[in-house]
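Colleague: I'm new to this one and would like a guided tour. Could you show me how to read its features, one at a time?

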Amino acid sequence: MTLSSYKIADFRSDTVTCPTPPMREAMMSAAVGDDVFGDDPTVNALQDKLAAMLGFEAALFVPTGTMSNFCAILSHCQRGEEYIVGQHAHCYRMEGGGAAVFGSVQPQPLEHQADGTLALAEIDAAIKPDDAHFAITRLLALENTFGGKVLPFAYVQQATQLAKSRGLVSHLDGARLFNAAVAQAAGNGTDAYLEARRIARCFDSVSVCLSKGLGTPAGSVLCGSRALISKAHRIRKMAGGGMRQVGFLAAAGIYALDHHVERLAQDHALARQFAEGLAGVDGLAVAAPQTNIVFVDLIGPAREKSAEFMAFLKSRDVLVLGLYRLRFVMHLDVDAAGVEQALAAIHAFFKVA
Ligand SMILES: *Cc1c(COP(=O)(O)O)cnc(C)c1O
């Protein structure tokens with residue numbers, strides 16, 4: 001490897017990407033206006049584009065995925081109502097309890113199955129009867145991909161059907177919806193946009209992050225019915241998420257939806273390549289990745305060396321999160337050379353010949 005091609009290989013998250021030159025050009029040439037007045041043509045175009053793409057009436061551009069989930073939960077649920085959600089789902093565990101803090105909406109968390117799903121029987125059993133003792137169960141919230149796993153499509157259909165048949169609405173935290181869609185499309189020999197729409201249409205609302213694998217600097221979009229998005233608009237305002245000439249960011253989103261969806265397959269291929277490169281390393285257990293995230297567990301005596309291992313990776317300019325369970329995330333700003341750099345460092349540490 002020449003010195004000039006050497007760089008930091010940053011696997012911490014698919015949020016670390018910087019906009020590509022053509023994305024920057026799209027941003028710089030965006031037509032903008034005051035989006036609080038509804039005047040930003042690029043924001044309006046992004047919202048219309050994603051709503052149409054996923055089969056919804058309307059959409060709302062928000063600063064973060066957290067705010068998008070928050071707006072969705074508070075639009076679906078009133079004070080004293082609850083949402084059924086995975087124990088490790090982002091919109092339960094990773095959002096500061098916002099729905100409870102600001103909305104008086106309580107979560108009803110359930111354990112995940114090994115494939116990331118919530119068991120249908122457990123969802124069914126968690127829906128509370130109409131009784132003054134209980135909060136009113138209003139919403140089922142799923143996440144796809146979850147921990148890099150694609151929820152089986154038949155499961156998505158069954159779970160959302162179950163919710164509907166019991167009078168619940170459903171929300172998808174699709175921060176990485178397009179990773180799920182690309183993987184599903186590869187499996188079915190279909191098109192990623194078609195699969196994204198098939199998944200999304202099972203739900204009453206869907207939140208998509210533009211700032212993860214799609215590679216924009218910021219922004220998420222919540223899709224739903226016109227009535228739901230109108231409620232969400234008010235909640236976004238309350239949360240301080242009404243932005244002004246934000247078409248500059250929306251332009252990055254439009255660019256990403258046109259140019260960065262199908263290329264997610266490259267991230268998935270890199271993830272597989274990386275996992276294969278670790279096969280047989282004594283001290284590591286690696287599950288075959290379904291999308292762009294590879295979990296690497298330190299097992300046996302290797303666990304005692306975890307801090308040393310992390311420091312070693314850092315000394316080789318390989319950045320990753322975790323300690324006993326490391327999470328390597330593939331994205332626009334890592335390539336085959338970065339994967340080689342990580343593999344070489346790991347092999348050196350574990351003295352693989
Ligand atoms: C990243 C992420 C979010 C929201 O992220 P923000 O950092 O608030 O944009 C929501 N759900 C999932 C599953 C995520 O990975």
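Colleague: Let's start with helix packing: is the crossing of α1 and α11 left-handed or right-handed?

Modeller: A crossing is left-handed if the near helix is turned anticlockwise from the far one by less than a right angle, and right-handed if clockwise. Here α1 and α11 cross in the right-handed way. Keep in mind that this is a predicted model: local features need pLDDT of at least 70, side-chain atom pairs count only at pLDDT 80 or more, and totals for chains, interfaces and linings use all residues. Residues are numbered from 1 along each chain as its sequence is written, and side-chain values use heavy atoms, with hydrogens and water left out.

Colleague: And at what angle do α1 and α11 pack?

Modeller: First, helices (H or I, at least four residues) and strands (E, at least two) are DSSP runs, numbered from the N terminus. Axes are lines fitted to C-alpha atoms, for helices over the stretch in contact, and angles run from 0 to 180 degrees between N-to-C directions. Helix α1 (residues 21-28) packs on helix α11 (residues 247-259) at about 135°, and their axes are 8 Å apart. That makes the two helices oblique to each other; under 35 degrees counts as roughly parallel, over 145 as roughly antiparallel, 65 to 115 as roughly perpendicular and the rest as oblique.

Colleague: Which residues make that contact?

Modeller: Contact means heavy atoms within 4.5 Å. From α1 come P22, M23, A26, M27 and M28, and from α11 come F248, L249, A251, A252, Y255 and A256. By class, the contact of α1 with α11 has eleven nonpolar, no polar and no charged residues. Ala, Val, Leu, Ile, Met, Phe, Trp, Tyr, Cys and Pro count as nonpolar, Asp, Glu, Lys and Arg as charged, and the others, Gly among them, as polar.

Colleague: How do α2 and α9 pack?

Modeller: α2 and helix α9 (residues 192-200) pack at about 80°, with axes 8 Å apart. That makes α2 roughly perpendicular to α9. A52, M53 and L54 of α2 meet Y193, A196, R197 and A200 of α9. This contact has six nonpolar, no polar and one charged residues.

Colleague: How many salt bridges does the whole structure have?

Modeller: Side chains of opposite charge can pair when their charged atoms come close. The rule used is a side-chain nitrogen of Lys or Arg within 4 Å of a carboxyl oxygen of Asp or Glu. A search of the whole structure finds twelve salt bridges. One of them joins D34 and R244, at 3.1 Å from N to O. D34 sits in the loop between α1 and α2 (41-54) and R244 in the loop between α10 (226-238) and α11, so the pair ties together parts that are 210 residues apart in sequence.

Colleague: Is D34 buried or exposed?

Modeller: Buried means under 20% relative accessible area, exposed over 50%, and partly exposed in between (1.4 Å probe, protein chains only). D34 is buried because its relative accessibility is 14%, while R244, at 40%, is partly exposed. R263 and D267 also form a salt bridge, with the closest N and O atoms 2.6 Å apart, and both residues are buried.

Colleague: Where does R176 lie?

Modeller: R176 is in the loop between β6 (169-174) and α8 (177-188). With a relative accessible area of 12%, R176 is buried. Leaving aside neighbours within four places in sequence, R176 has contacts including D14, K212 and R327.
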